[in-house]
Amino acid sequence: MRVLIIGGSGFLGTELVRQATAAGWETAVTYCSRPGSIPGASWYQLDLRAPGHVDEVLAAVAPGAVINATSGGSDWAVTADGSIRVAMAAVKRGCRLVHVSSDAVFSGSRIHYDETCLPDPVTPYGAAKAAAETAVRLLAPAAAIARTSLIIGNGGSVHERMVHALAVGTHDGVLFTDDIRCPVHVQDLASALRELAMSDQAGIFHLAGADALSRHELGVLIAQRDGLDATRLSTGRRADTRTPGALYVRLDSSATQGRVRTRLRGAREFLQLR
């Protein structure tokens with residue numbers, strides 16, 4: 001397997017690179033500003049905003065599969081337009097494409113979302129992700145689009161770092177009690193994405209954990225696992241603030257779980273005390 005991982009220096013991308021090289025895959029990885037340090041991978045600088053740059057990288061790598069795990073946030077030029085360029089280049093060269101999307105494409109109005117649900121975003125980031133999904137489905141109908149939720153690891157995720165900062169008092173803020181998601185472990189997510197890269201399954205997939213938790217409940221589990229004082233985690237309600245975003249978004253991954261071997265553990269399991 002020769003794979004190109006786009007966004008390989010990010011949190012998810014780093015785990016994808018680690019697993020791919022460990023499996024003996026010929027692994028090429030792109031970065032925007034700083035390459036990673038995992039041995040066994042070839043690193044390529046890529047600016048998704050630059051027309052023609054994706055084509056150049058794919059021509060140099062000639063991958064059998066492309067996993068687009070880039071995270072451009074609400075930057076439309078990266079998250080939406082960049083994903084369109086990736087899809088067009090992958091189709092042009094006959095590459096298998098796995099596109100990573102997000103539960104941010106949903107408003108939370110119906111709470112439970114399975115793979116058949118259409119996007120109805122309420123944030124700029126969600127809108128960019130939804131636009132990317134639509135483009136990928138149109139341009140690359142054989143591609144796999146994988147929606148995921150809050151990605152947690154072994155201390156390295158933005159959510160875990162935030163909990164640590166709040167618990168030790170180096171950062172002020174609250175963890176919302178009415179903001180519900182289905183956190184997934186980065187190792188499970190990367191494993192499932194690699195499965196999709198090796199398959200010919202097309203369409204929408206949901207790769208989220210089995211447990212629906214509030215940001216505060218998640219924070220308490222992280223604090224308890226890491227020996228921190230969970231009582232120092234202040235609570236608040238997103239509904240009482242001007243912070244944009246959906247409240248309750250539960251990705252139903254049951255249909256996808258029947259199509260991939262990787263078990264998508266719930267946060268209550270993978271955040272048990274070490």
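**A close look at Ser253**

Author: Leaving aside residues up to four places away in sequence, Ser253 touches Glu115, His206, Leu207, Ala208 and Leu264, where a contact means heavy atoms within 4.5 Å. This is a predicted model, in which local features need pLDDT of at least 70 and side-chain atom pairs count only at pLDDT 80 or more, while totals for chains, interfaces and linings use all residues. Residues are numbered from 1 along each chain as its sequence is written, and side-chain values use heavy atoms, with hydrogens and water left out.

Ser253 sits in the loop between β15 (250-251) and α9 (254-257); helices (H or I, at least four residues) and strands (E, at least two) are DSSP runs, numbered from the N terminus. Because its relative accessible area is 8%, Ser253 counts as buried, a word used for values under 20%, with exposed meaning over 50% and partly exposed lying in between (1.4 Å probe, protein chains only).

Apart from residues up to four places away in sequence, Gly266 touches Gly209, Ala210 and Asp211. Gly266 and Ala212 are 54 residues apart in sequence, yet their C-alpha atoms are 8.2 Å apart in space.

Another glycine, Gly40, lies in the loop between β2 (26-31) and β3 (41-45), and its relative accessibility of 62% is why Gly40 counts as exposed. Once residues up to four places away in sequence are set aside, Gly40 touches Thr21 and Thr27, and the C-alpha atoms of Gly40 and Ala22, which are 18 residues apart along the chain, are separated by 8.7 Å.

Two strands are said to pair if DSSP finds at least two bridges between them. Strand β1 (residues 2-6) and β4 pair in the parallel sense over four bridges, with Ile6 standing opposite Asn68 in β4. On its part, β4 (residues 65-68) sends Ala65 and Ile67 one way and Val66 and Asn68 the other way, and all of them are buried. β4 and strand β5 (residues 96-102) also pair in the parallel sense over four bridges: Ala65 stands opposite Arg96 in β5, and the bridge partner of Val66 is Leu97.

Seven of the seven residues of β5 are buried, so this strand is largely enclosed by the rest of the structure. Arg96, Val98, Val100 and Ser102 point one way from β5, whereas Leu97, His99 and Ser101 point the other way. β5 and strand β7 (residues 144-148) pair in the parallel sense over five bridges, and His99 has Ile145 in β7 as its bridge partner.

Most residues other than glycine have a negative phi. Ala62, in the loop between α2 (53-61) and β4, has a positive phi near 55°, and with a relative accessible area of 46% Ala62 is partly exposed. Ile111, in the loop between β5 and β6 (112-113), likewise has a positive phi, of about 70°, and at 32% relative accessibility Ile111 is partly exposed.

Finally, consider the chain as a whole. Its C-alpha trace spans about 55 × 40 × 35 Å along the principal axes. For 274 residues, a compact globule would have a radius of gyration near 19 Å, and the 18 Å of the chain agrees with this; the radius is taken over C-alpha atoms, and the globule rule is 2.2 Å times the number of residues to the power 0.38. Buried residues make up 53% of the 274 residues. Among contacts between residues at least 6 apart in sequence, 75% join residues at least 24 apart.
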